[in-house]
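Dear colleague,

Please find below the structure that I am handing over to you. A short account of the findings comes after it.

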Number of protein chains: 4
Amino acid sequence: MATSFNLLVQFVTKPIQFTDQKQEFNKRTSNTGHRSLPHSISQSSTDSYGSVCSDSSEDGSSPRDKPRRTSKGLSDFCIKNIKQAEFGRREIIIAQQEMPALMILRKGAGGEKPLAGAQVVGCTHITAQTAVLIETLSVLGAQCRWAACNIFSTQNAVAAALAEGGTPVFAWRGESEDDFWWCIDRCVGAETWQPNMIMDDGGDLTHWIHKKHPSLFKNIKGIVEESVTGIYRLYQMSKAGRLCVPAINVNDSVTKQKFDNLYCCKESILDGLKRTTDIMFGGKQVVVCGYGEVGKGCCAALKALGAVVYVTEVDPICALQACMDGFRVNKLSEVARQVDMVVTCTGNKSVVRREHLDRMKDGCILCNMGHSSTEIDLVSLRTAELRWERMRPQVDHVIWPDGKRIVLLAEGRLLNLSCSTVPSFVLSITATTQALALIELYSAPEGRYKQDVYLLPKKMDEYVASLHLPTFDAHLSEVTDEQAKYLGISKHGPFKPNDYR
Amino acid sequence: MATSFNLLVQFVTKPIQFTDQKQEFNKRTSNTGHRSLPHSISQSSTDSYGSVCSDSSEDGSSPRDKPRRTSKGLSDFCIKNIKQAEFGRREIIIAQQEMPALMILRKGAGGEKPLAGAQVVGCTHITAQTAVLIETLSVLGAQCRWAACNIFSTQNAVAAALAEGGTPVFAWRGESEDDFWWCIDRCVGAETWQPNMIMDDGGDLTHWIHKKHPSLFKNIKGIVEESVTGIYRLYQMSKAGRLCVPAINVNDSVTKQKFDNLYCCKESILDGLKRTTDIMFGGKQVVVCGYGEVGKGCCAALKALGAVVYVTEVDPICALQACMDGFRVNKLSEVARQVDMVVTCTGNKSVVRREHLDRMKDGCILCNMGHSSTEIDLVSLRTAELRWERMRPQVDHVIWPDGKRIVLLAEGRLLNLSCSTVPSFVLSITATTQALALIELYSAPEGRYKQDVYLLPKKMDEYVASLHLPTFDAHLSEVTDEQAKYLGISKHGPFKPNDYR
Amino acid sequence: MATSFNLLVQFVTKPIQFTDQKQEFNKRTSNTGHRSLPHSISQSSTDSYGSVCSDSSEDGSSPRDKPRRTSKGLSDFCIKNIKQAEFGRREIIIAQQEMPALMILRKGAGGEKPLAGAQVVGCTHITAQTAVLIETLSVLGAQCRWAACNIFSTQNAVAAALAEGGTPVFAWRGESEDDFWWCIDRCVGAETWQPNMIMDDGGDLTHWIHKKHPSLFKNIKGIVEESVTGIYRLYQMSKAGRLCVPAINVNDSVTKQKFDNLYCCKESILDGLKRTTDIMFGGKQVVVCGYGEVGKGCCAALKALGAVVYVTEVDPICALQACMDGFRVNKLSEVARQVDMVVTCTGNKSVVRREHLDRMKDGCILCNMGHSSTEIDLVSLRTAELRWERMRPQVDHVIWPDGKRIVLLAEGRLLNLSCSTVPSFVLSITATTQALALIELYSAPEGRYKQDVYLLPKKMDEYVASLHLPTFDAHLSEVTDEQAKYLGISKHGPFKPNDYR
Amino acid sequence: MATSFNLLVQFVTKPIQFTDQKQEFNKRTSNTGHRSLPHSISQSSTDSYGSVCSDSSEDGSSPRDKPRRTSKGLSDFCIKNIKQAEFGRREIIIAQQEMPALMILRKGAGGEKPLAGAQVVGCTHITAQTAVLIETLSVLGAQCRWAACNIFSTQNAVAAALAEGGTPVFAWRGESEDDFWWCIDRCVGAETWQPNMIMDDGGDLTHWIHKKHPSLFKNIKGIVEESVTGIYRLYQMSKAGRLCVPAINVNDSVTKQKFDNLYCCKESILDGLKRTTDIMFGGKQVVVCGYGEVGKGCCAALKALGAVVYVTEVDPICALQACMDGFRVNKLSEVARQVDMVVTCTGNKSVVRREHLDRMKDGCILCNMGHSSTEIDLVSLRTAELRWERMRPQVDHVIWPDGKRIVLLAEGRLLNLSCSTVPSFVLSITATTQALALIELYSAPEGRYKQDVYLLPKKMDEYVASLHLPTFDAHLSEVTDEQAKYLGISKHGPFKPNDYR
């Protein structure tokens with residue numbers, strides 16, 4: 001039931017599995033005509049930048065074939081079109097406005113450069129938000145080289161702006177799998193440069209170094225990883241005794257868990273539905289499948305705009321919360337006939353099945369906010385008697401023999417990544433955690449971290465949160481000596497136990 | 001403080017004033033190189049259909065020069081590109097889903113054709129929603145000919161679909177003023193056809209017939225007009241004794257007054273802000289200038305999504321409502337420094353002035369939901385020391401000498417028309433009122449209506465509302481005989497006095 | 001669908017009909033052993049003051065029999081128990097905190113006494129809130145004499161405090177009808193005092209003077225009336241040509257119409273239900289009958305606390321509003337089986353009938369927020385097979401033969417008057433309007449007002465509102481000269497047309 | 001930051017500390033003229049039952065002196081007044097309506113008696129809600145004997161109803177400490193009866209048996225404890241190796257942690273404020289100190305009714321949540337001047353200090369929803385220059401030399417226990433958990449539980465939740481085999497990890 005970045009990652013990192021036992025790698029990557037990558041990513045959250053980052057006028061030639069130079073003559077990068085740099089810079093400037101903590105970190109550095117000497121190799125989505133992160137690391141003293149963790153999600157204009165700004169970046173939208181690994185390899189292996197820090201999102205970069213350049217780990221002080229998949233891989237390595245540097249798990253930070261799912265989805269569910277369908281929310285009946293954090297966010301937003309919201313749940317505890325929060329809880333088969341919209345938020349598979357789809361009424365809108373595209377049983381919709389009609393981008397009408405139309409959004413992929421934007425501010429919380437984790441690992445005295453996977457200390461979680469308070473002109477109260485004693489805590493935090501959620 | 005259609009109209013109808021005393025018409029229209037029409041309209045609510053109705057690939061030649069034919073060989077129309085008909089038909093189908101009352105009217109007609117024999121000449125926006133209205137009139141028996149009331153608002157693909165469907169339509173986006181009148185004239189004066197009903201939006205059509213084809217009024221049974229401007233013109237004519245047929249004022253219907261402003265704005269404020277800025281609403285400080293119906297809708301939506309909302313008001317009664325609804329009321333000059341967004345909803349002019357703009361903080365977003373582009377004093381921003389930078393379509397950064405950026409949306413024009421969509425469902429309420437008004441005037445026994453301006457009877461307002469209830473699966477209770485007697489009303493309505501709001 | 005004061009009045013003034021054609025008055029009043037007054041009033045909103053104003057320890061003797069004196073030796077009053085003055089004063093102090101406008105009027109007077117010379121005879125409820133009003137009039141220079149307009153609603157402790165404070169007051173809870181008229185007569189006819197202003201609530205005082213002391217009207221400059229019933233009587237008199245002084249209709253002021261119903265009910269519905277039943281709102285299914293202002297207030301509050309709210313309506317326009325505000329609209333007979341609570345807000349009669357009651361489930365709570373006790377058909381519950389059990393004060397279980405229990409609150413009378421308090425702040429708006437109306441009539445130059453019924457000028461409505469803004473630390477914006485011209489209004493208001501609602 | 005029952009317990013169990021090292025017990029209890037028990041309890045949540053359970057007419061004599069009999073001749077009990085049984089039964093019936101799970105358990109038992117043979121000695125609050133629990137245990141086969149865990153909280157009428165119903169109960173409101181232990185001892189040591197199960201709330205009963213009747217533990221199969229204090233004591237005993245039977249910790253169940261604090265406070269904050277002050281919420285400025293679960297509940301309710309809410313926090317993570325939920329976060333010293341109400345929810349001490357109180361404005365209302373009465377520094381208000389005036393029960397005005405009045409509720413004790421009711425439904429969740437824990441311990445095969453403190457298994461938490469769903473007519477979805485496999489869980493739960501919150 002997670003969302004945003006790390007989910008985007010899940011899509012892609014899963015298919016690009018490193019099948020090193022079965023075939024020799026270099027051969028494999030170049031000849032995959034039909035890759036198993038889901039097409040879902042190609043219309044991800046970057047859609048919303050269409051007008052700015054539109055690639056429609058570009059030719060189909062590979063960036064690898066054409067050397068390019070920045071206005072200052074730099075050529076150590078590979079992106080689609082350096083001429084888009086100006087557009088991309090504007091998007092970065094817009095993102096900066098909503099990523100205050102990173103901007104504070106930049107200023108806070110002052111003369112000090114906590115990352116002086118750091119040589120960071122990174123592999124994340126290349127978006128305006130990560131550009132703010134990357135350039136923050138640079139301001140703090142790091143030398144960065146960056147690749148994309150996703151073959152579809154790169155905002156070409158942003159990549160251009162990064163390159164123009166002096167960051168060696170190797171990424172474009174629509175890489176082939178061969179391109180994907182080529183870009184990573186170009187990041188890792190510069191002649192005059194050796195990475196001493198890794199920032200990864202999905203674990204592909206870490207895996208590649210492990211496989212292809214294991215000797216680099218001698219110089220590497222640590223890994224910062226923020227995706228579910230990457231963390232899983234790290235724990236596997238750790239268990240197998242093959243993790244040879246410390247790593248920080250950003251994914252399970254309280255600031256990520258408690259903010260990302262709830263607030264991102266609350267902000268984006270309305271946006272995604274409006275951009276695709278222009279639907280009026282007031283009075284519309286909606287069923288939200290699942291009342292975890294994602295479902296709670298969606299329900300809150302839909303109810304706030306006047307929709308009548310029903311919930312389905314399998315867990316009686318979450319169901320009771322839904323009830324007491326004012327939502328009727330029922331089975332999908334019971335409410336399918338009456339609702340105008342169906343939103344899946346379960347983290348489960350085949351939650352909406354043909355038996356439900358057959359009951360839905362003409363015009364019912366169907367979308368997925370949960371996790372991968374498994375929540376809706378699309379296979380049951382790809383049958384001969386049902387006709388698909390593409391009405392708008394990301395909007396298909398699936399037409400029953402009697403003329404009934406089901407409005408399917410983003411072909412069942414994640415609505416918030418495909419059809420809306422994710423608020424930069426929420427991404428800022430995770431990006432700041434990544435930056436602080438990097439600084440911590442880089443500057444920690446020897447011996448503080450072993451060859452294991454760590455959570456960022458609670459106190460730094462609190463620091464991340466505190467860096468975002470000025471945006472809201474929020475002022476914390478201070479704990480007095482007497483109060484600290486009464487509560488049995490330090491005046492300066494941490495204020496809650498580690499497992500407090 | 002009104003919104004939607006009729007506001008769109010205000011923009012355009014005001015500049016296209018019929019200056020018949022001063023110059024001969026035919027000469028005037030063709031040589032206006034620099035028309036005084038505000039550019040605002042060119043990026044109206046149709047922006048959201050960009051991908052479908054995009055005209056980017058079209059040449060700049062005038063449709064008037066190139067005869068076209070539908071697939072069935074019809075040629076009595078003039079639009080941009082008949083090949084877009086399929087796209088446009090999809091948009092009409094989408095709109096139909098949210099315009100249930102008109103679809104019920106079509107079915108309700110059954111074999112009966114209440115408009116059989118009606119020859120309706122119309123002049124409205126040409127959008128998917130009006131297409132549903134026009135085609136409903138046709139299903140009910142009318143023969144329609146249609147022109148656009150706005151030179152910028154026509155959705156070319158929808159116009160193509162209408163033409164392909166058999167409606168003689170004369171409209172395209174980006175008409176010149178000469179085109180504008182030419183199109184109207186082509187509607188009015190067909191050789192084999194004489195209008196007997198007028199459906200107008202802004203009064204230009206009515207005016208044109210009055211001036212150029214006054215003899216037609218002998219056959220015309222009535223006028224349906226839905227804009228503030230058009231109504232004003234009709235009352236002027238009536239006062240001057242020059243109104244020679246009955247007219248129905250749709251604009252002041254309770255269903256229009258009580259639903260349009262509040263619900264349209266509540267639905268579209270979030271949408272407009274998201275599409276342009278991707279801003280996170282949670283915790284953001286917003287000042288909404290004006291707490292009329294538009295302001296009430298904006299405040300409710302913003303608060304619902306977690307914004308901290310301030311209100312400015314000049315009227316102590318509205319201010320007290322804002323207070324009791326939970327909003328702090330303050331002067332703009334007091335809150336300008338702290339807010340993240342400024343939304344104008346006043347119906348007034350120069351509400352946001354340079355003195356306020358100078359106080360706003362870096363990144364403050366500024367937009368207008370009120371009426372025309374006068375609410376923000378743009379002149380004060382067009383000065384030498386301020387630099388404008390177009391960041392995205394409809395998004396300008398106005399940059400102060402010290403680097404402060406104010407984010408101006410839609411150049412101060414109406415956000416909901418420029419950067420979001422207006423929900424079809426709300427437009428359906430007005431469109432249904434128009435259709436019923438037309439039927440009423442066409443089928444009324446002689447003598448029921450004199451040469452005057454009428455409101456639709458309250459009972460028909462209630463009928464319009466009742467036609468929209470099935471969308472919500474809503475079931476009315478019935479008044480018993482005993483209750484009707486107790487209340488002193490008829491069992492079948494009207495249930496409230498005429499002036500009840 | 002009105003509430004609060006004027007409704008309280010409706011109860012009482014209707015039964016005390018002045019049947020002057022049929023019988024001689026003096027005979028009638030003294031021998032009505034069983035008056036037709038509904039017992040509803042005896043447990044009105046004053047219940048909440050039980051601990052303070054409790055009369056339980058008092059004997060049953062009539063105050064008329066026992067002369068009493070204040071601590072200062074005054075004896076020109078007749079109340080229950082002067083010893084309660086201290087308790088009553090505390091309640092008045094509490095009310096003052098929430099009636100800021102009257103306190104501002106007191107201060108604003110400064111040395112000036114706009115009511116100097118005014119001799120006001122009043123007949124209203126005697127509560128802490130009216131005490132604040134009466135004492136404000138005194139501070140402004142008036143000499144007041146006061147009676148109760150309701151035989152059950154007098155807060156004895158407050159009456160004692162008024163008397164102790166020097167106001168001749170003649171009122172106690174539980175007056176007989178004879179007492180009622182005796183008290184009014186004592187107010188009107190003091191030997192050394194002649195009224196020149198009337199403040200009435202229900203019209204009984206006005207009627208009495210008209211009948212018994214018509215000569216007094218020579219001195220009387222005007223009447224201020226705030227109830228529906230009293231206004232009706234005044235218009236009848238006016239129509240009959242028997243109104244011999246000007247009167248101001250406070251009831252139809254915008255400040256009363258737009259604030260009283262909505263905000264009072266929103267505040268008191270939860271309170272009334274909690275005090276009687278301790279019910280948890282979260283997730284409870286509630287049907288609210290009627291979606292006028294009262295229903296809108298109730299629905300908003302119940303939804304806000306997590307209830308699932310259904311609406312019944314007869315008027316399709318209100319029904320459509322309910323839908324678009326997010327409430328399912330259905331017939332009571334359809335939802336009766338599933339709901340946990342039924343709240344009537346219709347202004348109609350027999351809305352909840354035995355056929356509905358028979359369907360309700362065990363434990364269903366039933367209450368009335370609408371108008372008089374007619375909304376629930378109580379007669380159908382007073383049958384042999386149903387057993388009534390008084391569970392708590394104001395709470396009856398009506399028990400079906402099969403054991404099913406319906407929880408009836410306040411025997412179907414108004415819940416907000418019987419089982420909750422009405423916020424002083426909202427009453428303050430009306431009380432301030434009364435005070436200003438009195439000042440206006442008293443100080444108006446001769447000829448401004450004829451022998452007719454007037455609304456308070458819109459500008460004074462706005463002034464009343466503005467006096468309540470400091471409570472919220474609200475600051476109005478000012479209209480510039482340019483804006484005033486643009487809008488065609490005065491800079492200082494009124495800002496809206498008279499009929500704007 | 002916990003609330004409800006267990007907090008009530010904290011008050012009382014702390015003072016009644018078992019000082020066995022220092023003095024011989026029997027001597028100590030009888031001669032404490034002035035006990036250190038806070039008076040807070042005497043006006044706890046039972047206040048709302050005033051009219052029903054009022055003891056005002058009762059004499060002051062001790063129930064211990066006067067033998068009483070039920071209508072059936074039973075005499076094995078000791079309560080205040082058996083004549084109140086009928087009143088008490090009504091309150092129990094009312095509570096039953098909102099405690100559905102226990103009623104289902106009763107029915108579910110059918111012929112089966114899971115507690116047949118159980119002899120349960122209990123020590124809890126004696127309220128309508130616990131009466132429903134106790135009588136449920138009886139229906140399930142248990143023989144119960146019961147004492148009060150709190151000398152002030154007993155509802156005498158409920159105790160009478162229990163006795164009349166056949167439960168030996170020993171409890172009355174206003175016990176002396178000697179009475180308190182005498183009652184417990186009478187429960188434990190009946191001649192013909194030996195307990196084999198303990199249900200405790202605060203640990204006093206457990207402690208007493210341990211000290212005075214340790215041999216009883218041979219027969220005892222387990223302890224169910226639901227308070228923070230009692231759990232603390234059990235863990236201490238366990239650590240010291242002195243716990244000789246298994247115990248179940250009900251306090252830390254997810255159903256208690258996630259529901260009690262949030263929903264109880266959300267429901268009761270408005271109620272407590274209304275009953276004491278009749279304040280209007282709309283537009284009032286309130287500062288809520290602390291944004292944990294209690295603060296979140298209070299903020300949500302206050303905002304929902306139209307208050308303008310500020311938050312103070314020391315923890316940046318909670319502060320950031322408050323911001324993104326739409327609340328301004330500031331220091332108390334900054335907002336003290338402007339707010340109309342101050343609500344403490346911190347779990348901390350001296351949060352509101354004299355320095356803040358001096359800044360508050362006239363009429364500011366001050367109350368505590370957090371934990372014990374330490375949150376407001378009352379000592380600083382008990383000074384010579386400040387005058388206290390009791391305005392109503394639970395309402396004091398503290399008056400500054402300049403006349404400024406601060407409205408202090410419940411003398412700084414918990415508002416929801418002192419001035420409002422706690423919804424039976426939420427208490428039902430905990431009571432059901434207690435009943436299931438008792439059944440589990442009583443019927444567990446030997447060896448399942450050791451002499452240790454256990455949490456109820458997650459699966460039983462889910463069962464408790466599921467028993468409360470029928471109240472809301474909620475229907476759970478079922479997990480398919482395929483889904484269970486995909487998620488890696490059992491089809492029948494548990495559905496989440498143990499530490500999921």
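Predicted model: local features only at pLDDT ≥ 70, side-chain atom pairs only at ≥ 80, totals over all residues.

Chains A and B. A rotation of 180° superposes chain B on chain A, with 0.0 Å of shift along the axis and an RMSD of 0.1 Å. The two chains are therefore related by a two-fold axis. Within chain B, the residue whose C-alpha comes closest to this rotation axis is Ala304(B), at 2.6 Å.

The contact between these chains involves 34 residues of chain B and 34 residues of chain A. On the chain B side, at least two residues each are supplied by α3 (50-53), α4 (85-97), α11 (254-277), α12 (293-304), β12 (387-392) and α17 (424-443). The largest share, six residues, comes from α11(B). By class, the side of chain B that touches chain A has 16 nonpolar, nine polar and nine charged residues. Because 100% of the interface residues of chain B are also interface residues in chain A, the copies meet through the same surface.

A helix pair in chain C. The axes of α6(C), residues 128-139, and α7(C), residues 156-164, come within 9 Å and cross at roughly 15°. That angle makes α6(C) roughly parallel to α7(C). The crossing of α6(C) past α7(C) is right-handed. Here Ala128(C), Ala131(C) and Ile134(C) of α6(C) meet Val158(C), Ala161(C) and Leu162(C) of α7(C). The residues of this contact comprise six nonpolar, no polar and no charged.

With kind regards

Note on methods:
Residues numbered from 1 in each chain as written. Chains lettered and ligands numbered in written order. Contact = placed C-beta atoms within 7 Å. Helix = DSSP H or I, 4+ residues; strand = E, 2+ residues; numbered from the N terminus. Nonpolar A, V, L, I, M, F, W, Y, C, P; charged D, E, K, R; others polar. Axes fitted to C-alpha atoms, helices over the stretch in contact; angles between N-to-C directions. Parallel < 35°, antiparallel > 145°, perpendicular 65-115°, else oblique. Left-handed = near helix turned anticlockwise from the far one by under 90°. Least-squares fit on C-alpha atoms with pLDDT ≥ 70 in both.
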